[in-house]
Amino acid sequence: MDGCWLLLLGALLLLLPPLLLMEAFGALRFRLKIISYCALCVLLSALAVPVCLLKSGGRSADNMSVVRAFGRVMKYVYGMRFEVKGLENFNIEGPCVVISNHQSVLDMMGLFEILPDRCVQIAKKELLYAGPAGIVAYLAGVVYINRKRTSDAKSIMAEVAQTMLKENLKVWVYPEGTRNNNGDLLPFKKGAFHLAIQAQVPIIPVVYASYHTFYNQSRNLFRTGKIKVEVLPRVETKDLMEENASELTEKCYTMMRETFFQLSNKADETRGSVLAAQ
Ligand SMILES: CCCCCCCC/C=C\CCCCCCCC(=O)SCCNC(=O)CCNC(=O)[C@H](O)C(C)(C)COP(=O)(O)OP(=O)(O)OC[C@H]1O[C@@H](n2cnc3c(N)ncnc32)[C@H](O)[C@@H]1OP(=O)(O)O
Ligand SMILES: CCCCCCCCCCCCCCCC(=O)OC[C@@H](O)COP(=O)(O)O
């Protein structure tokens, strides 16, 4: 492992000159910081691959704890602190579907901060081609879907409903289906909710506060910061059927959006105008 840390240190030193240059140029600085973040993800992944192979010999959800340990290095490098509420809501026997909002590539830090054991994510298939990061995600049991081929994605998720029960897995889905940094949540895709209903497992919503105070792509802002996170109480799906998926989606969306605004200290403008109209 000593070799690994030396390699890591060497790479960080290599990243230092570009980081200094960034002080002078806003846009360049922002880009370099994002690139260095991705490079660190790739580097940590490359270090984690052999450890995963030694631990499990191949693809296994047990490897996710290795990836989580390596992933937790990133928050120290980028000066992110987390304030987590409701972590005890993860303490449930058996499988469940975890859903959370997805703002940026920085979410990897927030993910590994609270990721429970034996929890795998659903990811877009393009991530498989991100070199070592794609490989380590595959080794840790990440399920890849092609978002453009809905019917394929649905059948893969139907298989996941079976495997999560068989192998006692939690599955983490970003129901917005893409990154979104607009200060609100995008409407949710329904796959996560069909998955929970098919497997008859609870949903655990997780909300990360808006990053707007320290990260904003359009303003080239990427500083250190504190991220409030709340793990909400489980939403049961027992006895729900396929036709209940839309209302379940709506219920979770409303709950998470309210929490998102609370955590981000913002007024819910839409709700305000709806109330005014009544
Ligand atoms: C070493 C450490 C450091 C290294 C770090 C690097 C290594 C990392 C390692 C490890 C961490 C990995 C982390 C990865 C993170 C990745 C994040 C992403 O990639 S986010 C993008 C992909 N995720 C999704 O897209 C969400 C899942 N998407 C869905 O669930 C969608 O619903 C989907 C794709 C299944 C369909 O999407 P639609 O765009 O067609 O929209 P819809 O409205 O949901 O569905 C259309 C109709 O189909 C029905 N439907 C959907 N799913 C169904 C189902 N399963 N069964 C039946 N009907 C279904 C719906 O009810 C709807 O029909 P009606 O409108 O209601 O009539
Ligand atoms: C051979 C080296 C190839 C290098 C490629 C550089 C890739 C950088 C790897 C960073 C991996 C971090 C994982 C990111 C997960 C993530 O945040 O993915 C975004 C998707 O959720 C949503 O996609 P989108 O619809 O594009 O917003």
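Biologist: How far does a polar side-chain atom of Gln198 lie from a nitrogen atom of ligand 1?

Modeller: This is a predicted model, in which local features need pLDDT of at least 70, side-chain atom pairs count only at pLDDT 80 or more, and totals for chains, interfaces and linings use all residues. Side-chain values use heavy atoms, without hydrogens and water, residues are numbered from 1 along each chain as its sequence is written, and chains are lettered from A and ligands numbered from 1 in the order in which they are written. A polar contact with the ligand is a pair of N or O atoms within 3.5 Å. For Gln198 and the nitrogen atom of ligand 1, the distance is 3.4 Å.

Biologist: What share of the exposed area of ligand 1 does the protein bury?

Modeller: Accessible areas come from the Shrake-Rupley method with a 1.4 Å probe. Ligand 1 taken alone exposes 1400 Å², and the part buried by the protein is 82%.

Biologist: How many charged residues does the shell around ligand 1 have?

Modeller: Charged residues are Asp, Glu, Lys and Arg. The shell has 18 nonpolar and nine polar residues, and its charged residues number five.

Biologist: What radius of gyration does the chain have?

Modeller: The radius is taken over C-alpha atoms, and the globule rule is 2.2 Å times the number of residues to the power 0.38. With 278 residues, a compact globule would have a value near 19 Å, which agrees with that of the chain, 19 Å.

Note on methods:
Polar contact = N/O pair within 3.5 Å; in protein donor to acceptor, adjacent residues only side chain to side chain.
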